Amino acid sequence: MSKLLIGNNIRKLRFERDEMTQQQLADKVGVTRQTIVAIEKGNYSPSLELAFRIAISFSVPLEQVFFIVDSA
């Protein structure tokens, strides 16, 4: 079974929230800014708990933040 590619809308959601900085989001969810950068770039997949914390911080469902990238 191949690994799923997971995309995200974090950058878009940050800008929809009065241009929230990566540092502000990191502080809100309890991680470093570098972790947010890596998640946004798709270089790191967050734990399920962190994914939910990010979604909750934007007050949106998890599926609105993270999605599976169609590899076809």
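Which residues have the most contacts inside the largest nonpolar core, and how many residues does that core have?

Analyst: This is a predicted model. Its largest nonpolar core has 16 residues, and those with the most contacts inside it are Ile-10, Leu-25, Ile-54, Phe-58, Val-65 and Phe-66. At least two core residues each come from helices H1 (10-16), H2 (22-29), H3 (33-41) and H4 (48-58). H4 gives the largest share, 5 residues. In soluble globular proteins, nonpolar side chains tend to be buried together.

Val-65 shows how some of these parts meet. Apart from neighbours within four places in sequence, Val-65 is in contact with Gly-7, Asn-8, Asn-9, Ile-10 and Leu-13, as well as Ile-54, Ala-55, Phe-58 and Val-60.

Asn-8 has a relative accessible area of 16%, so it counts as buried, the limit being under 20%. Its side chain reaches the backbone nitrogen of Ile-10 at 3.1 Å and the backbone oxygen of Ile-39 at 2.7 Å. Not counting residues up to four places away in sequence, Asn-8 touches Ile-39, Glu-40, Val-65, Phe-66 and Phe-67.

Ile-39 and Glu-40 lead on to H3, where they are buried along with Thr-35, Ile-36 and Val-37. The cover over the buried residues of H3 includes S1, H1, H2, H4 and strand S2 (66-68). Just after H3, Gly-42 adopts a positive phi of about 80 degrees.

Key
Residues are numbered from 1 along each chain as its sequence is written. This is a predicted model: local features need pLDDT of at least 70, side-chain atom pairs count only at pLDDT 80 or more; totals for chains, interfaces and linings use all residues. Side-chain values use heavy atoms; hydrogens and water are left out. A nonpolar core is a set of buried Ala, Val, Leu, Ile, Met, Phe, Trp, Tyr and Cys residues joined through side-chain atoms within 4.5 Å. Buried means under 20% relative accessible area, exposed over 50%, partly exposed in between (1.4 Å probe, protein chains only). Helices (H or I, at least four residues) and strands (E, at least two) are DSSP runs, numbered from the N terminus. Contact means heavy atoms within 4.5 Å. A polar contact is a pair of N or O atoms within 3.5 Å; within protein, one must be able to donate a hydrogen and the other to accept it, and residues adjacent in sequence count only if both atoms are side-chain atoms.
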